[in-house]
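Subject: A structure for you to explore

Hello! Here is the structure I promised to hand over. Please open it next to this email and look up each residue as you read.

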Amino acid sequence: MTTAIDYYFTSLSPYTYLGHNTFISLANKYHLGINYKPIKLSKLFAVLGVLPVKQRLQARQDYRLIELARWAKKRQLPLSLHPVFFPVDPSLADKCTIVLQQAGQEVSEFVGNVLAACWAADQNIADEAVIRQILTSVNIDADSVLQQALLADIDAIYEANTLDAIEKGLLGVPAYVYEKEQFWGQDRLDLLDDKLSE
């Protein structure tokens with residue numbers, strides 16, 4: 001029996017931000033562990049033929065903003081529809097998450113704070129100083145984590161997570177995989193709840 005959910009995401013995703021707290025509450029409700037699996041989203045998009053946001057048809061860009069506003073209202077979360085620092089490179093934050101996961105440390109608060117930094121506080125999550133402050137705020141040794149995040153072994157896990165997502169046929173982030181079943185998008189969390197209650 002599976003006792004954990006694989007959580008594929010990137011620290012730059014607004015939909016990961018909107019669903020993060022709800023997902024954590026769901027995992028806690030069913031006493032399930034979470035395997036945090038940050039991925040290189042641009043590589044997954046390249047395989048899927050998905051264009052970066054600013055290269056998509058204007059109608060799709062416009063509707064994306066409508067949906068984000070709707071979900072922010074529903075989730076009762078603050079959201080900057082046009083964050084000052086977007087897009088930026090999320091790899092440092094993603095790799096810090098991998099370091100924490102590998103060390104068996106609590107990860108959800110760090111991830112939630114990074115997501116909020118981008119999407120609610122207009123902070124640059126590519127800036128080491130911002131990540132350092134977030135790590136320190138959740139009582140984590142920032143120096144140690146940031147040093148480890150630069151190691152080749154951590155990048156190898158980041159790459160492996162991405163290849164795993166591609167091999168599993170994931171369509172984007174966030175994606176939650178439970179008992180080999182994919183639930184793509186934070187708007188599928190109710191369906192994940194149904195699955196977990198079976």
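First, some ground rules. This is a predicted model, in which local features need pLDDT of at least 70 and side-chain atom pairs count only at pLDDT 80 or more, while totals for chains, interfaces and linings use all residues. Residues are numbered from 1 along each chain as its sequence is written, and side-chain values use heavy atoms, with hydrogens and water left out.

**The whole chain**

The protein chain has nine helices and four strands (DSSP runs numbered from the N terminus: H or I of at least four residues for helices, E of at least two for strands). Their order along the sequence is β-α-β-α-α-α-α-α-α-α-β-β-α. The C-alpha trace spans about 45 × 45 × 35 Å along its principal axes. For 198 residues, a compact globule would have a radius of gyration near 16 Å, and the 16 Å of this chain agrees with that. That radius is taken over C-alpha atoms, and the globule rule is 2.2 Å times the number of residues to the power 0.38.

Of the 198 residues, 48% count as buried. Buried means under 20% relative accessible area, exposed over 50%, and partly exposed in between (1.4 Å probe, protein chains only). Among contacts (heavy atoms within 4.5 Å) with a separation of 6 or more, 72% come from residues 24 or more positions apart.

**The cores**

A nonpolar core is a set of buried Ala, Val, Leu, Ile, Met, Phe, Trp, Tyr and Cys residues joined through side-chain atoms within 4.5 Å. The largest one holds 51 residues, and Phe23, Cys96, Phe110, Ile131, Leu135 and Leu192 touch the most other members. Helix H5 (residues 108–119) gives the most to this core, with seven residues. Another core, of ten residues, lies apart from it and includes Leu44, Phe45, Ala165 and Ala175.

Which residues of helix H7 are buried? In H7 (residues 142–149) they are Ala142, Val145, Leu146 and Ala149. Seen down the axis of H7, these fall within an arc of 95 degrees, so they line one face of the helix. The arc is that of the directions from the helix axis to the C-beta atoms. Cys96, leaving aside neighbours within four places in sequence, is in contact with Phe110, Ile131, Leu135, Val145, Leu146 and Ala149.

Now look at helix H2 (residues 41–48), where Leu41, Leu44 and Phe45 are buried. Their arc is 100 degrees, so they too line one face of their helix. These buried residues pack against H8, while Ser42, Ala46 and Val47 are exposed on the other side of H2. After H2 comes Gly49, whose phi is positive, near 75 degrees.

**The rings**

Rings of Phe, Tyr and Trp (its six-membered ring) pair if their centres lie within 6.5 Å; planes under 30 degrees apart count as stacked, over 60 as edge-to-face and the rest as tilted. The count comes to seven aromatic pairs. Tyr7 and Tyr36 form a tilted one, 5.6 Å centre to centre with 55 degrees between the planes. This pair links strand S1 (residues 4–9) and strand S2 (residues 33–38), with its two members 29 residues apart. Tyr7 also forms a stacked pair with Tyr176, at 5.6 Å and 20 degrees. Tyr176 lies in strand S3 (residues 175–178), so this pair ties together parts that are 169 residues apart in sequence. Ring pairs link Tyr7, Phe9, Phe23, Tyr36 and Tyr176 into a cluster.

**Two single residues**

Ile5 is in strand S1 and is buried, with a relative accessible area of 0%. Ile5 and Asn35 are 30 residues apart in sequence and 6.0 Å apart in space, C-alpha to C-alpha.

Ser13 sits in the loop between S1 and helix H1 (14–29). Is Ser13 buried or exposed? At 6% relative accessibility, Ser13 counts as buried.

Happy exploring!
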